[in-house]
Amino acid sequence: MDMTKYKAMFLSESREHLQKMATLLVEIEANPQNSASLDALFREAHSIKGMAASMGYQQTANLAHQLEDSLDHFRQLGQIDSATIDRLLAGTDLLARLLEDIHADRTERSTAAFLAVPIAAATQAAPIAAPISAATLPQTSEQQIRLSLHESIAAPGARLLVLLKQLESLGQILACQPEKNRILSGGNYRKLDVRLKTSVTGAEIKERLKVYSEISQLDIQEPKPPTALGAAMAGSTTVRIPTELLDRFIHLTGELMTNRYMLHSAAQQKNWLSLNEGLGQLARLVKNLHHQVLKVRMMPVETVTARLPRLVRDLARTSNKEIHLELEGSGIELDRAILEELTDPLVHMVRNAVDHGIEHRGTIVVRAWRQRDQVMLQVADNGRGMDPQALRRQAVNKGLITPAQAQIMRDYESFQLVCLPGFSTAPQVTATSGRGVGMDVVKAAVEKLGGVLHIESAPQQGTRMTLKLPLSVAILKALLVRVDEKLVAIPLTRVLQTLEIDSAQIQMSGKHRVFSHHEELLPLVSLRKILDLPNPQAALQISVVLTEAFGRKVGLVVDGFAGQREVFVQSLPAPLDHLKGLGGGTILGDGSIVFLLDIQGILERRRGGEPKV
Amino acid sequence: MAHRILIVDDALFMRNMLRDIFVGAGYDVIGEAENGQEAVRQYQQLRPDLVTMDIVMPEYSGIEALQDILAFAPQARVLMCSALGQETMVMEALEKGACDFVIKPFQPQQVLEVVARVLN
């Protein structure tokens, strides 16, 4: 049998099992008597072994077998010690590297060195012979089959029974609605809903049932396993889509086509009333379609938080701290493109919490929640917190801000100082946080996604870093502003406020123009200047977009505001994508192209790459 | 080679009708039986690819014959024939291993459709 077509599935499922193993190992370490977790752990290793052996990946299968064997031993023992967990984690790491080898079509690396040392003294597994029996089982998946019979069909109960028999011959029935017994006892049923564990695909099942002309409706889909998408993300960019969703697309497409004809005829007849009605309908349909398409792109936050327990455990051990990690809201969904970009920032924030937040023992909470059309992702610790005074001092010492700036800086603003490149409050470089990547990278990554980073802290009360993220990158709300007769768009998430100020309110501070806003002096930056456009004619009223960059509020002077709207952002083709400060482009209803400003980038450009404001 | 069919029904009319339907569609009708016991005997002798089995027959019912045939040849394909309103009996037969069923009065197209998918 040609197994190569199963490779992607093997990799994605194995990664999923590995991830679960790592999570479980950390759990067990915290709670060594938990035999249920040990059982689960054993099953995960067993699954990997079975899959790897059937695929013919000998080294992977051997290693998984060894892990499974030793886990079986500990399962009987009822507990497991910390040193062994280290060994088992090393084993899962090695498995992960083996999967990388397989993914890259390399020969599997040798596991001999690892296997030479028994995982625990009492267990030494003999290498397994290939192929092992359990492994010859074909790959199975679950399929949800829903069908209904034509109204006119005679003996529908018996028909359902025949269909049920047919499905039974394809695999194992996990659930059946109505139950077989009820059909047998003669209820009047015309619908059947079956969950089938099978090695055949949904399309094959459909083909098999096609000959039964009594079926009026048939719907087959693979139920989405909660974490399968996440595992798939690690290696490839495929997503599993419930067929139900595809059906809805088709349905919507059909409605759009109907709508098109309606608009067409309304336009021909110059019937403005029905044209208006049609446009209203079109707006609803497009909104609905957008909503459905977004669903395809959505993945649970879990896909990026699942690795954190292991990370925190390792960090805690090396730094000799006692750290408890809590994950909340892992099921909240976000655009996959955003999640992919969040992986590193999240890891970095958690590292910071371990390194700089928690002193000896404490809790880190990573929580996600929805707030209207945004997703909040927060890393909170109950550690030592940050001292605004110390932050200001350090920033001045490093020449990042002037003493005068430090003086007028509010406490909440001072926390943003940690996002300045070259700022670090850690007296020495530690192995975990290291040097180089700092909060500036986190902030830049978040802002690139159209998000905002908020930092709250108080001495001895811990630190909360909150990312406010758009649900999706492709379509976002933008503020259109006019500058020199042109329109540009600014992501609404980057706009704190829009203001009309009197030119009299503008003051000079050194060479810079500033204005007073709620008793704060904020710098004013002209968008025309940045874009090398001619100076505007002097006006009494000046339109200002209040935004934030590098942890400071900035007033961006524009010619005027042209409203908000939802825009579909397309990335710019090369070489335009190299232009700093442009975050993409969008086409307006009248066909004109509008560029989306990347605030952070554009202000950097103004400073010649030196991010000081 | 054409599939070989054994027809079991106590009514000659039904047997003839089924024979015409099958022969007309290119099947080989290799035997006819008018009761359950005869059906079992013929099955053992002829080993047909498919048996059409009337459920209600005097003395030895179609369900009893079905069980005997399956005991002898578990892979046997037995198609039950039943009148409207005999659903519980059909279900019993399906439970006991019949592969499918058709409802009298026969509609040739329907019968052939079921036979085709059973034989496939």
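**Figure 1. Where chain B meets chain A.** Twelve residues of chain B are in contact with eleven residues of chain A, contact meaning that the C-beta atoms of two residues, placed from the backbone, lie within 7 Å. On the chain B side, α4 (87–96), β5 (100–104) and α5 (108–119) each supply at least two residues. The biggest contribution there comes from α4(B), with six residues. By class, this side of chain B has six nonpolar, one polar and five charged residues; Ala, Val, Leu, Ile, Met, Phe, Trp, Tyr, Cys and Pro count as nonpolar, Asp, Glu, Lys and Arg as charged, and the others, Gly among them, as polar. Please keep in mind that this is a predicted model, in which local features need pLDDT of at least 70, side-chain atom pairs count only at pLDDT 80 or more, and totals for chains, interfaces and linings use all residues. Residues are numbered from 1 along each chain as its sequence is written, while chains are lettered from A and ligands numbered from 1 in the order in which they are written.

**Figure 2. Chain A as a whole.** Chain A comes to 20 helices and 22 strands, taken as DSSP runs (helices H or I, at least four residues; strands E, at least two) and numbered from the N terminus. Of its 613 residues, 35% are buried, that is, have 20 or more other C-beta atoms within 10 Å of their own. Among contacts in chain A with a separation of 6 or more, 68% join residues 24 or more positions apart.

**Figure 3. Helix α1 alongside helix α2 in chain A.** The axes of α1(A) (residues 7–30) and α2(A) (residues 35–55) come within 9 Å and cross at roughly 155 degrees; axes are lines fitted to C-alpha atoms over the stretch in contact, with angles from 0 to 180 degrees between N-to-C directions. The two helices are therefore roughly antiparallel, the word for angles over 145 degrees. Their crossing is left-handed, with the near helix turned anticlockwise from the far one by less than a right angle. Residues meeting here include Phe10(A) and Leu18(A) of α1(A), and Leu41(A) and Met51(A) of α2(A). The contact residues divide into 13 nonpolar, four polar and four charged.

**Figure 4. Helix α1 alongside helix α4 in chain A.** Here the axes of α1(A) and α4(A) (residues 82–103) come within 10 Å and cross at roughly 165 degrees, which makes this pair roughly antiparallel too. The crossing of α1(A) and α4(A) is left-handed. Among the residues making the contact are Leu11(A) and Ala22(A) of α1(A), with Leu88(A) and Leu99(A) of α4(A). By class there are 13 nonpolar, four polar and two charged residues.

Note on methods
A residue is buried if 20 or more other C-beta atoms lie within 10 Å of its own, exposed if 12 or fewer, and partly exposed in between; C-beta atoms are placed from the backbone. Angles under 35 degrees count as roughly parallel, over 145 as roughly antiparallel, 65 to 115 as roughly perpendicular and the rest as oblique.
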